[in-house]
Amino acid sequence: MDDTTRDALRRSVGTRARRWLLAGTLLAGLLTAVALVATAAPADRTFVDLSGAVQSLMSVATPLFGILLVHDPRRESAGVVPTALGVLLPAVVIGVAGVVICAATLALGPADGPADPWRHAGTVAVGSVLVQVVAGLVGTGLGLLLRSRVVAFLATIVLPLGLFGLLEAVGALRPAQPWLTPFGSVRNLLSGEMSVLRWAQWLCVLLIWGVGLNALGAAVRGRRHP
């Protein structure tokens, strides 16, 4: 790992505001997990159901780390690739912490749940981290494309969900949701029922929203600041 990548990793959570953002994201996940275990029907107290809600909620905040990193005044010395890699630290921390939160809350919660509440737990744990990684890369990509941090953050919500809603509205296009939208891929990853086809769909989403979006953002940023 070169110095620029290490610097980007440090900067990803290197300010008090970003550490508070990380703490707030994890706290929101914890409160959500506790509330769901306390109020859900016994049949819904599973690791899959809990992770689906908790990880989806926390993934709303994960792109903000990428946006802040891209707009960091010292970003120019790092380059696009180290900056994109830098967002992996908070993304992985959020994903792993979410797995721990869900597992601990479920283990300490009421014992009247379904017969196998841990079904697909391993696959969902891996998928939880991958969900946050893609969310972080969406943040760096839109941060590169858009000058305003606020607009970029709103775009991380509006664009993926807007595309998902558009495909949902046209019945013939619904099968394209897991191929083209992060939310479609998230539903697969957090269901735990992955297949070769579903892994291929996630890889397609990663290439579009992770690699492609960042490459487009780098090109736009290069033309804007040659």
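A pocket is an open set of points, on a 1 Å grid over the protein atoms alone, with protein on both sides within 12 Å along at least five of seven lines. A residue belongs to the lining if it has an atom within 4 Å of a point. A volume is the space filled by probe spheres set on the points, with grid points joined across faces, edges and corners. The probe is 1.4 Å.

The model is predicted, so local features need pLDDT of at least 70 and side-chain atom pairs count only at pLDDT 80 or more, while totals for chains, interfaces and linings use all residues. Residues are numbered from 1 along each chain as its sequence is written, and side-chain values use heavy atoms, with hydrogens and water left out.

The largest pocket holds about 380 Å³ of space. Its lining consists of 19 residues, and Ser-59, Thr-156, Pro-160, Pro-182 and Val-186 are the closest to the pocket centre. Helices H7 (121–145), H8 (149–169) and H10 (182–189) each give two or more residues to this lining. Helices here are DSSP runs of H or I with at least four residues, numbered from the N terminus. By class, the lining has 15 nonpolar, 4 polar and no charged residues. Nonpolar covers Ala, Val, Leu, Ile, Met, Phe, Trp, Tyr, Cys and Pro; charged covers Asp, Glu, Lys and Arg; the others, Gly among them, are polar.

The second largest pocket holds about 180 Å³ of space. Its lining is made up of Val-80, Val-81, Ala-84, Leu-85, Leu-88, Leu-137, Gly-210, Val-211, Asn-214 and Ala-215. Helix H5 (80–86) and helix H11 (196–224) each supply at least two of the lining residues. Of the lining, 8 residues are nonpolar, 2 are polar and none is charged.

Helix packing comes next. Two packed helices are described by the angle between their axes and the distance between the axes. H8 and H10 pack at about 85°, and their axes lie 8 Å apart. H8 is therefore roughly perpendicular to H10 (angles of 65 to 115 degrees). Axes are lines fitted to C-alpha atoms, for helices over the stretch in contact, and angles run from 0 to 180 degrees between N-to-C directions. H8 brings Pro-160, Leu-161 and Phe-164 to the contact, and H10 brings Pro-182, Phe-183, Gly-184 and Arg-187. Contact means heavy atoms within 4.5 Å. The residues of this contact divide into 5 nonpolar, 1 polar and 1 charged. Pro-160 and Pro-182 are also among the residues closest to the centre of the largest pocket.

Asn-188 sits in helix H10 and is buried, at 10% relative accessible area. Buried means under 20%, exposed over 50%, and partly exposed in between, for a 1.4 Å probe and protein chains only. Neighbours within four places in sequence aside, Asn-188 contacts Pro-178, Glu-193, Met-194, Arg-198 and Gln-201.

Thr-5 lies in helix H1 (residues 3–12). Thr-5 is buried, with a relative accessible area of 8%. Beyond neighbours within four places in sequence, Thr-5 is in contact with Pro-82 and Leu-85. The C-alpha atoms of Thr-5 and Val-81 are 8.1 Å apart, although 76 residues separate them along the chain.

Gly-212 belongs to helix H11 and is partly exposed, at 32%. Its C-alpha atom is 8.3 Å from that of Gly-141, which is 71 residues away along the chain. His-120 occupies the loop between helix H6 (88–108) and H7. His-120 is not a glycine, yet its phi is positive, about 65°. At 26% relative accessibility, His-120 counts as partly exposed.

Definitions and conventions. Angles under 35 degrees count as roughly parallel, over 145 as roughly antiparallel, 65 to 115 as roughly perpendicular and the rest as oblique.
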